[in-house]
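Please keep the structure in view while reading.

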Amino acid sequence: MRAWVARADHPGTVEPVELPVPEPAADEVLVEVRACGVCRTDLHVRDQDLPPHRQQVVPGHEAVGVVVAGGEQAGALPPGTLVGVPWLRTTCGVCRYCTSGRENLCPDSTYTGWDADGGYAEYTTVPAAYAYPLPTGFPDEQLAPLLCAGIIGYRALRRADLPEGGRLGVYGFGGSAHLTAQLALAQGAEVHVYTRAPAARQLALDLGAASAADSGDAPPGSLDSAILFAPAGDLVPVVLKALDGGGTLSIAGIHLSAIPPLDYRRHLFRERTVRSVTANTRQDGREFLAAAARHRVTPTVAVYPFARAATALDDLAADRVNGAAVLRMSGPD
């Protein structure tokens, strides 16, 4: 099969290769990939902002495809089932985090496209218990970004403790942020977007944001909550300064550059709170997919042929993608 790999000895690149079609383990299904989202986490794997866990790995954890085979313990997903292959791949199931509804914090968790080969390939495997059955009748390219960008954004929004009808600041406006903003708007929030990309600012306004400005600009009023999607630690004091008393900053990324020193009175006093977001639970995924269908959350996608996966990653790194980038497995290169 055709695939792309990130190699530990070649940081900053992905390479096209031919690999054997993987064999599913007893609890796994084999999925023929139709589309795969290009997530910023894939960049962190490629560039080794996340330390390599394997000598080479197939990136991609927003894969949409059809089950074609399964192990003897994967009967819940028979061949022909349309599924999503997400970031969270396995957890131990027995630690204090797993048994208290916090499996995203499991110290033995593994991840698709980092610990195991992912969706930048014609076929991939996924444990049946961690795959999401998907509705039919929607374009594969529209479903793919929901599987990480959407789910992580949903968890970040929950962690932001946005009050009903509150003012939400969204910093960075890529694949995850533009989905989260739609959900917040559907729930009655007033959304203000801050991003350096003019096209992304226009997209935010088109989606219903109350304002869209450059990342360093001050909001028109104090924010009740904020989510930082951009992996830029220097924005943390900027966002905290924009929060009202009692406000919460939720940091959505798996990687963040260094945070400058904070001034207690300007940035943290008056009970401002900073929270990180670590992966997600399967329940987060189920809740978000249901909410996305209910509120008609629709990704804006830039579709790339599979042969141009390296270009898609480069465009994402250079902020040339408006919305979410998605690889299409079939069709012309």
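In this predicted model, the backbone nitrogen of Gly-60 sits 3.5 Å from a polar atom belonging to the side chain of Asp-42. Asp-42 itself is part of helix α1. Its side chain is charged, and Asp-42 is buried, yet it has no salt bridge. The nearest side chain of opposite charge is that of Arg-46, at a distance of 9.9 Å.

A search of the whole structure for cavities of 30 Å³ or more returns one. About 90 Å³ of space lies in this largest cavity. Its lining consists of 15 residues, and those closest to the centre are Ala-6, Ala-8, Val-45, Pro-52 and Val-57. Two elements, strand β1 (2-7) and helix α1, each give at least two residues to that lining. Sorted by class, the lining of the largest cavity has seven nonpolar, five polar and three charged residues.

The open spaces come next. The largest pocket has a volume of about 980 Å³. There are 46 residues in its lining, and Arg-40, Gly-174, Phe-229, Ala-230 and Pro-231 lie nearest the centre. Which elements give two or more residues to this lining? They are the helices α1 (40-46), α3 (149-159), α4 (175-186), α5 (198-207) and α9 (309-317), together with strand β18 (324-328). By class, the lining of the largest pocket divides into 28 nonpolar, 13 polar and five charged residues.

The second largest pocket has a volume of about 340 Å³. It is lined by 17 residues, of which Phe-138, Leu-143, Leu-146, Ala-292 and Ala-293 are the closest to its centre. Strand β10 (132-133) and the helices α2 (140-143) and α8 (282-295) each supply two or more residues of this lining. The largest share, four residues, comes from α8. The lining of the second largest pocket has 13 nonpolar residues, with two polar and two charged ones.

Technical notes. Residues are numbered from 1 along each chain as its sequence is written. This is a predicted model: local features need pLDDT of at least 70, side-chain atom pairs count only at pLDDT 80 or more; totals for chains, interfaces and linings use all residues. Side-chain values use heavy atoms; hydrogens and water are left out. On a 1 Å grid over the protein atoms alone, a cavity is a set of points where a 1.4 Å probe fits but cannot get out, and a pocket is an open set with protein on both sides within 12 Å along at least five of seven lines; lining residues have an atom within 4 Å of a point. Grid points are joined across faces, edges and corners, and a volume is the space filled by probe spheres set on the points. Ala, Val, Leu, Ile, Met, Phe, Trp, Tyr, Cys and Pro count as nonpolar, Asp, Glu, Lys and Arg as charged, and the others, Gly among them, as polar. Buried means under 20% relative accessible area, exposed over 50%, partly exposed in between (1.4 Å probe, protein chains only). Lys and Arg count as positive and Asp and Glu as negative; His and the chain ends are not counted. A salt bridge is a side-chain nitrogen of Lys or Arg within 4 Å of a carboxyl oxygen of Asp or Glu. A polar contact is a pair of N or O atoms within 3.5 Å; within protein, one must be able to donate a hydrogen and the other to accept it, and residues adjacent in sequence count only if both atoms are side-chain atoms.
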